[in-house]
Amino acid sequence: MTLLPVVGLDRLTDDAVRVVFEVPAEARGGYRYLPGQHVTVRLELDGVEARRAYSLCAAPYGDAGRATLSIAVKELGPGGFGQIASSKLAVGDRVDVLPPAGRFVLQEGDEHVGIVAGSGVTPVLAMAEVALARGDRFTLIYGNRTASSVMFLEELADLKDRYAERLMVLHVLSREPREAPLLTGRVDAERLPGLLDAVSPGPDAHYYLCGPMAMVDGAKAVLAERGVQRGHVHFELFHAEDAPPPAAYAETAKVLAEGDVDVTVTLGGRRTQLAMSQDDDSVLAAVLKARPDTPYSCTGGVCGTCRAKIVRGEVAMAHDYALEPEEKAEGFVLACQSRPLTPAVELDFDA
Ligand code: FES
């Protein structure tokens, strides 16, 4: 467990605060990150361990100066880390923060377009800072409900001052009329083509989509229609909306009803063998009992932290919002969504 001290706390909007942690010199190497990655905050809520993933919202620290991690935390309801951060947390408190992870990161290339809604701006802001500093172009299509709910206005204005020619920001508001009808409404599949026409990205631009599932799915469809290569479309979801699991998933209950499944995992270079019973909701739940060091965060099939490669046997996933088709073809699965289809399975978390 690494407890990082809080060294900064400031309000971003009525319901969001920025929390800045300091990384001590001895942990610096392990907390390096790429723009777009997230950290997981581990805390106890009502006596139960809870994990929450937060994107890092500033450019990574360098070799000189202070090493800090900044996250933006939204208050989503009573009892969560959002509420703790906005009402109880104080500078000097120490919080259990797991090292940065995630594959939603800034790509090589000289043109980038962020299509985001609400706090989906967080990872994209870090990407924009780094991309602009290295001389790339960055366009941000940024949807919010009202002007007062826009996070990071000041930071975006600062970037605009520094990189006026290479940064373009389009604010789209769904509950407040803007002067241009194109900028009034949601960033959805209907409005996006007009917005993209207005900014006319080049053919090699990379796109970064971050927001609710409906927005991300709509944007993916629009970009595919416009002929954007799939490898240039990167996305991260806030959370998944409920969808029924595929038919194969029901088969896993039959396999587990026949007896415990033999699960072998490789993690951190060490192999562990364990038994998964029908009481275990997922392969991850079973593995955690024997290997509490197994990486995970959302447990909802969204963040990809629990990704592992199937080495032997077969599993079915309830949901998968994080893996690329090529990763699935290579045998990668999300352990938090997987249950076995064979009496023995082997997963490699180091792959
Ligand atoms: S823990 Fe987030 S996808 Fe499995």
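Is Asp10 buried, partly exposed or exposed? In this predicted model, Asp10 is partly exposed, at a relative accessible area of 31%. Its salt-bridge partner is Arg18. The closest N and O atoms of the two side chains are 3.1 Å apart. Arg18 has a relative accessible area of 15%. Arg18 counts as buried because this value is under the 20% cut-off.

Side chains of opposite charge can pair when their charged atoms come close. In total, the structure holds 19 salt bridges. Two further examples join separate parts of the chain.

One of them pairs Arg66 with Glu22, at an N to O distance of 3.0 Å. Arg66 sits in the loop between β4 (48-55) and β5 (68-74). Glu22 belongs to strand β2 (residues 16-22). Arg66 is exposed, with 55% relative accessibility. Glu22 is partly exposed, at 22%.

The other salt bridge is formed by the side chains of Arg103 and Glu327. Here the N to O distance is 2.3 Å. Arg103 lies in the loop between β6 (94-101) and β7 (111-117). Glu327 lies in helix α8 (residues 325-329). The partners are 224 residues apart, and the pair links distant parts of the chain. Arg103 is partly exposed, with a relative accessible area of 40%. Glu327, at 9% relative accessibility, is buried.

Attention now turns to the second largest pocket. The space within this pocket amounts to about 460 Å³. The pocket is lined by 23 residues. Closest to its centre are Pro99, Ala101, Pro295, Tyr296 and Thr305. Two elements, β3 (38-45) and β6, each give two or more residues to the lining. Strand β6 supplies the largest share, four residues. By residue class, the lining divides into eleven nonpolar, seven polar and five charged residues.

Notes: Residues are numbered from 1 along each chain as its sequence is written. This is a predicted model: local features need pLDDT of at least 70, side-chain atom pairs count only at pLDDT 80 or more; totals for chains, interfaces and linings use all residues. Side-chain values use heavy atoms; hydrogens and water are left out. A salt bridge is a side-chain nitrogen of Lys or Arg within 4 Å of a carboxyl oxygen of Asp or Glu. Buried means under 20% relative accessible area, exposed over 50%, partly exposed in between (1.4 Å probe, protein chains only). On a 1 Å grid over the protein atoms alone, a cavity is a set of points where a 1.4 Å probe fits but cannot get out, and a pocket is an open set with protein on both sides within 12 Å along at least five of seven lines; lining residues have an atom within 4 Å of a point. Grid points are joined across faces, edges and corners, and a volume is the space filled by probe spheres set on the points. Ala, Val, Leu, Ile, Met, Phe, Trp, Tyr, Cys and Pro count as nonpolar, Asp, Glu, Lys and Arg as charged, and the others, Gly among them, as polar.
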